[in-house]
Amino acid sequence: MARRPRLRAISSSIKRAQALTTRGRTCEAPRSSASVAILSTRGDVRAQGIPYRNGLGPDRPALGRPGGAFGPWMGRRLVAMEWQTLAELARDCAALPKAGFKARYAAPFLLELNPEGGSIDTSNGETRDFDPDRLKGNGLSPDLKTSRILNLAEGEAFVVGRSPECDIVVGHDTVSDRHCKFECFGSIWAIGELGSKNGTFLNGRKLGPSEQSPLKFGTKILLGEAQFLFLSTDDAFDLIQDLSKEPRIRPRSLGKYRAEFKAAGDAETVRREFPGPFLVVQAPKGRESAGTTVSSNTITLSQEELKKGVNQNVTDAVFDLANHNLVRIGRATVTQIHLPLGAISNLHAALIRGENGTWSIQDLGAKNGTYLWGERLEGKAELESGTEIMLGNIKSIFFDTEDLLTYALHRDTLV
């Protein structure tokens, strides 16, 4: 995508910016009752017509070295599966629509609620005794910064334990070297106990020594003092949306910013008191413009209407992004920049702050598209101060503080 120079020349800046303004379900897909039977007598999951061994799973080749699927060698990968914090997953995926999230992550998630309570050294030391009654009435809730999450998407079976040879390593000294095993049987996920010292608990019920039990989404799993939730992709998406949700940004007029900038006295004070960045939306004052009336459905505009934009009877609405990391733009009430205009989709686009302080914009499948300098955005692109953004036929500009200062003080005289 071609980029234009930053807005430094006041006259060209203003002219380019001219004329404007959103438990407990089973983890199985629908299937015939004859395809799978859940036998409660031993907690086994038995697939019809498939021979089982030791009541632990179908008789298929061992997953690692000799000794069988539950033998001495538990790791099937050279490197254990990697955890990430909820915040990291949210930063990568919170702006995705649900359909896009589910397309990226088809398998369930394992969420660890208290990783900060784990021991640092997972390779040595005895497993510490643990009394599960200590946790009664002391349930934990997911936390964006501390909770860890892992997508079970790399295979059909995963051994969990403190040993670095396990597929999923859990750093708690109350977790055994080989504690339990997750396994997928078609559309059903199950968890099996591997003779751990402190046991495996599902919603408070302890599994038997060699018991394997089907899992339901939303199940709370206790391995020693390590607490987990087993989540569907829908559950994970909703959780991320809920935890990363930020308050709505109230727009302010350009005139108010102009007065405050003048009162601040000098540019250095303005930069200190208004760190920014900002999104200036040139929004229609009334409902007369084509494609701007509120409707239950997004109005589809022609290419000619999109190119023309709304350029009459508009005003500048300024949104301060300083205290936000994820800003959704759209007509839905859950958005941070709420634009109840007919050409705007419910979830139109999202502005995302990166770790290094840079900002990017991502289209969220908007019906009338998101355009940067006239080119339709596919996916995500980094923003520079002065970037012109068309949200359907609504023009907006991304500004840092210095460029907004220039725009606010000189717009009326140079337009």
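Begin by selecting F201, which stands opposite K206 in β11, helices here being DSSP runs of H or I with at least four residues and strands being DSSP runs of E with at least two, numbered from the N terminus. Strand β10 (residues 200-202) pairs with β11 in the antiparallel sense over two bridges, where two strands pair if DSSP finds at least two bridges between them. This is a predicted model, in which local features need pLDDT of at least 70 and side-chain atom pairs count only at pLDDT 80 or more, whereas totals for chains, interfaces and linings use all residues. Residues are numbered from 1 along each chain as its sequence is written, and side-chain values use heavy atoms, with hydrogens and water left out.

Stay in this region and select N203, which is found in the loop between β10 and β11. N203 has a positive phi of about 50° although it is not a glycine, and at 56% relative accessibility N203 counts as exposed; by the rule used here, buried means under 20% relative accessible area, exposed means over 50%, and partly exposed lies in between, with a 1.4 Å probe and protein chains only.

Now widen the selection to the sheet. Seven strands form an open sheet in the order β3-β5-β4-β14-β13-β10-β11, with antiparallel pairing. Its edge strands are β3 (84-85) and β11 (205-206), each of which pairs on one side only. Helix α4 (residues 233-244) packs on the sheet, where it touches β4 (109-112) and β14 (226-231), and its direction makes about 110° with that of β14. Contact means heavy atoms within 4.5 Å, while axes are lines fitted to C-alpha atoms, for helices over the stretch in contact, with angles running from 0 to 180 degrees between N-to-C directions.

Select β14 next. Six of the six residues of β14 are buried, so the strand is largely enclosed by the rest of the structure. In a regular strand the side chains alternate between the two faces of the sheet. When you show the side chains of β14, you will find A226, F228 and F230 pointing one way and Q227, L229 and L231 the other way. On one flank, β4 and β14 pair in the antiparallel sense over four bridges, and L111 stands opposite L229 in β14. Strand β13 (residues 220-223) also pairs with β14 in the antiparallel sense over four bridges, and the bridge partner of K220 in β14 is L229. The hairpin of β13 and β14 has two residues between the strands, and in this hairpin G224 takes a positive phi near 60°.

Then move to helix α4 together with helix α2 (residues 86-93). The axes of α2 and α4 come within 10 Å and cross at roughly 95°. That makes α2 roughly perpendicular to α4, a description that covers angles of 65 to 115 degrees, whereas angles under 35 count as roughly parallel, those over 145 as roughly antiparallel and the rest as oblique. To see where the helices meet, select L86, L89 and A90 in α2 with L239, I240, L243 and S244 in α4. While α4 is displayed, pick out Q241, which has its place in this helix and counts as buried at 8% relative accessibility. The side chain of Q241 makes a polar contact with the side chain of R328 at 2.7 Å; a polar contact is a pair of N or O atoms within 3.5 Å, and within protein one must be able to donate a hydrogen and the other to accept it, while residues adjacent in sequence count only if both atoms are side-chain atoms.

Go on to T401, which lies in helix α8 (residues 401-414) and is buried, with a relative accessible area of 6%. The side chain of T401 reaches the backbone oxygen of F274 at 2.6 Å. Leaving aside its neighbours within four places in sequence, T401 is in contact with V270, R271, F274, P275, G276 and F278. From G276, step to P277: the peptide bond between them is cis, with omega near 5°, and P277 lies in the loop between α6 (267-273) and β16 (278-284).

Finally, select the cysteine C166. How far is the sulfur of C166 from the closest cysteine sulfur? The closest one is in C180, 9.0 Å away, too far for a bond. A disulfide is counted for a pair of cysteine sulfur atoms within 2.5 Å, and by this rule the count comes to zero disulfides.
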